[in-house]
Amino acid sequence: MLYKNLEMMKKLDEFLPEIQKPARYIGGETGSVMKDKSEVDVRFAFCFPDTYEIGMSHLGMKILYALKNNVPNYWCERVFMPLPDMTEQMRRRGIPLYALESLDPVSEFDFVGFTIQYELCYTTILEMLDLAGIPVLAEDRKSLTPIVVGGGPCVCNAEPLCDFFDIFVLGEGEEVNLELMALMERCKKENSTKEEFLKLAAKIEGIYVPSLYNVEYNENGTVKAITHAPDAPETVRKRIIRDFDKVYAPENFVVPFCDIVHNRAVVEVLRGCIRGCRFCQAGFIYRPFREKSKDTIISQTKTLCQNTGYDEVSLSSLSTSDFSDIEGLLSGLCEYTSKNRINLSLPSLRVDRFSEEVFQKINDVRKSGLTFAPEAGTQRLRDVINKNITEQNVLDSVKIAFEGGYTAVKLYFMLGLPTETDDDIRGIYDLAKQVVEQFYANPDRKKGKSPSVSVSLSTFIPKPFTPFEFEPQDSEEEIRRKQKLLMDYASDRKITFSRSKYEVSLLEAVLARGDRRVGKAVYLAWKKGCFLDGWDEFFSFEKWKEAFSECGLEMSFYANRRREYDEIAPWSHMDFLVSKEFLISENKKAHEGKPTPNCREKCSNCGVASKTGGEICRAVG
Amino acid sequence: MPLVNTRVFFSKRDRAKYISHLDLAGVMQRAIKRAALPVWYTEGYNPRMYTQFMLPLSLGQESLREAVDMRLLEQLPYSEVAERMNDALPGDIRVTEVGVPVFKNTDIAAAEYEITGELDFGQFREFVGREHIPAEKKTKKGVSELDLKQHILFVEVSDKITIRLPAGVDFNINPQLVLDAFSALTGSTAAGSHILRTKILTKNGEEFR
């Protein structure tokens with residue numbers, strides 16, 4: 001019989017009607033997987049350290065959820081971070097964090113897995129463990145279960161989280177998650193200890209067991225050496241799916257009862273990116289470039305739309321317009337979607353691939369705003385960051401958009417990029433101004449309408465496994481000076497600016513390139529009450545500052561310091577296939593202002609092809 | 001082709017009681033799409049699937065009798081519509097009946113509820129026996145005072161409460177209002193009680209169909 005924790009249901013019924021949007025906390029949605037508990041051998045609590053609305057929009061979670069639940073004796077359930085009105089009631093009533101399918105406490109699961117998508121969720125992880133009644137420090141958890149495991153992009157430098165996790169999964173999770181669950185199934189039968197389990201897990205490719213590594217530091221605070229236990233490999237290599245066209249894709253989603261951020265079907269079209277923008281971590285850590293076939297994508301779209309009943313489908317990838325046969329794909333998809341009254345949405349389009357044909361296809365959807373990301377204001381700086389688009393590309397695309405009836409355009413830029421000068425800053429406004437002029441150059445424009453161009457300014461954050469991992473982040477004074485410079489220079493009221501908070505970018509930079517000692521600061525910040533740091537209303541930089549100073553760490557050491565090429569990075573025992581030599585050569589080319597051709601034009605030997613045997617990367621030919 | 005006006009009755013229980021009235025339309029429309037029923041879309045610039053729900057149910061209350069209207073593009077056996085929708089709906093929403101709309105939305109005049117749970121039923125019996133039951137009803141215009149006693153159309157108290165209250169577009173009394181008044185006037189708690197809507201009725205006391 002399908003299991004249901006009626007006792008918990010009853011407890012929740014007592015107060016859920018008083019809670020904001022209670023549908024988030026109760027499960028039972030279409031597509032959620034219920035099982036007979038007596039036939040389940042391994043249970044996985046898949047935790048997303050953010051709210052239901054954010055986590056339920058995430059494709060990776062949907063893939064792994066469906067994949068694990070496909071195995072009859074494994075049960076994967078979902079867990080999200082409740083908001084304070086809910087946590088307050090839970091704490092008062094002694095209700096621990098529970099999973100949405102069974103409503104069972106998370107502490108009863110074999111695995112408590114977190115997908116770690118951004119640095120600002122670190123304290124939320126601790127808060128969720130604590131709500132679950134699970135000791136947050138790995139060393140305080142002695143028994144075999146629960147094993148606390150983490151995956152996602154942030155584990156390319158998981159060092160600030162090593163105190164809290166037993167295991168990290170590097171790279172793509174489709175295969176390794178099942179291997180890990182099989183190992184748990186075996187270890188539970190054999191009554192193994194946690195230590196035995198961890199040693200066996202460390203032998204699986206892609207599994208990083210932080211407790212089997214030791215880090216020593218130099219007097220100047222940099223890493224001196226990273227040593228490993230005999231049971232653990234010297235470097236841990238990330239996992240990749242070799243045959244991407246055959247990779248598991250979910251045939252159904254959990255369709256929420258309430259609205260979420262992206263309430264739609266999502267189909268992945270490609271992994272990796274051919275572009276190599278030097279600031280972009282995703283562009284490097286998700287290599288090699290692989291595509292699904294057009295037919296696979298179309299058939300997966302149909303299945304997913306039929307099973308979920310969604311009236312919107314989105315294609316997902318780092319750069320969908322780089323799909324080799326994008327126009328063929330869109331024609332094939334539109335044939336199905338328009339007949340079935342489904343909207344097709346295409347995020348992640350590059351401006352240089354923004355052709356009239358592509359535009360026509362998305363034009364059928366909804367006329368809201370369009371977003372472009374030139375990232376830098378001048379060609380010189382775009383060459384430095386290897387964002388290989390020209391001013392003309394941007395203006396051509398904007399022209400098509402304005403002619404197609406759009407009036408609002410959003411432009412993304414970064415401040416504080418390496419080698420940036422005041423001319424580059426002024427270039428941001430100049431480019432935005434030209435976009436405005438492009439609107440008035442259209443003779444068919446609607447009379448009486450004026451364009452609105454919003455410029456979003458974020459602060460550059462150097463990330464591991466990018467050519468900019470050696471770069472300092474601009475200081476607060478410098479960023480403020482640059483922001484002011486731009487505001488003083490700007491005069492056109494049709495251009496509006498929005499800026500990111502410097503403190504948030506600084507913290508992200510610190511956590512992104514932090515070492516194991518930063519874990520203390522994460523712990524203290526959480527103890528002081530930090531959680532959901534990515535949310536303006538909960539973020540407290542004061543608490544973070546106190547936390548760092550109490551453990552004697554300088555944020556500037558991690559964020560604002562240039563790192564030598566030969567410095568041992570805290571993440572140097574991680575192997576994300578891209579070689580350090582390549583990152584160094586790209587860094588040098590950046591400082592020379594030289595772009596690198598995209599992977600489709602020419603292979604630049606980033607190391608991925610040679611390490612994977614050369615057959616997997618599909619960027620060239 | 002003539003459109004087939006169709007009324008679908010359904011229950012909304014257990015976890016589904018936390019689906020808000022606003023979200024219910026989305027839940028139902030996606031289920032209709034999963035069931036691949038041939039339904040009518042509104043015309044115009046932004047076509048939408050046509051569904052119209054009767055008598056909103058408060059969040060947290062359950063119901064055996066909810067109704068939604070849609071228009072089918074072809075005549076299908078009602079049993080088939082019910083079956084296909086039940087295959088597509090979340091388990092805690094069940095289609096109970098499909099048919100031709102008999103009454104109009106505006107014909108709805110009352111609803112019957114069953115209240116169970118941890119509640120002092122003896123005290124409740126005394127409470128409804130009072131001559132006046134003053135209560136404050138919040139409306140869009142503000143708070144109005146009323147005497148609930150005049151609006152209780154029927155009540156029977158045993159180990160549960162069966163109560164009939166005005167319902168509909170013009171005037172509606174939420175059973176929660178009665179429970180709140182009970183708590184306020186007697187000091188006895190009604191926090192552990194469950195409200196289940198069992199019937200929707202017309203002016204003549206007929207079952208809304």
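Predicted model: local features only at pLDDT ≥ 70, side-chain atom pairs only at ≥ 80, totals over all residues.
**Entry: domains of chain A**

I looked up how chain A is divided. Domain 1 covers 6-237. I then took the centres of the two domains of chain A over C-alpha atoms and found 37 Å between them. Next I checked where the domains touch. On the domain 1 side of chain A, 10 residues are in contact with nine residues of domain 2 of chain A. I sorted that domain 1 side by class: six residues are nonpolar, two are polar and two are charged.

**Entry: a hairpin in chain A**

I turned to strands S7 and S8 of chain A. S7 spans residues 213-217 and S8 spans residues 223-228. Which way do S7 and S8 of chain A pair, parallel or antiparallel? They pair in the antiparallel sense, over five bridges. I picked out one bridge: Asn214(A) has Thr227(A), in S8(A), as its partner. S7(A) and S8(A) make a hairpin, with five residues between them. In the turn I noted Gly221(A), with a positive phi of about 95°.

**Entry: the parallel sheet of chain A**

I traced an open sheet of four strands in chain A, in the order S15-S16-S17-S18. Its pairing is parallel. I asked which strands are the edge strands. They are S15 (370-375) and S18 (495-499) of chain A, each of which pairs on one side only.

I went through one strand pair in detail. S17(A), residues 452-459, runs parallel to S18(A), and five bridges join the two.

**Entry: chain B against chain A**

Last, I looked at the contacts between the chains. I found 19 residues of chain B in contact with 21 residues of chain A. Which element gives the largest share of the chain B side? Helix H1 of chain B, residues 21-34, does, with six residues. By class, the chain B side that touches chain A has 10 nonpolar, three polar and six charged residues.

Conventions:
Residues numbered from 1 in each chain as written. Chains lettered and ligands numbered in written order. Domains from an automatic or database assignment. Contact = placed C-beta atoms within 7 Å. Nonpolar A, V, L, I, M, F, W, Y, C, P; charged D, E, K, R; others polar. Pairing = 2+ DSSP bridges.
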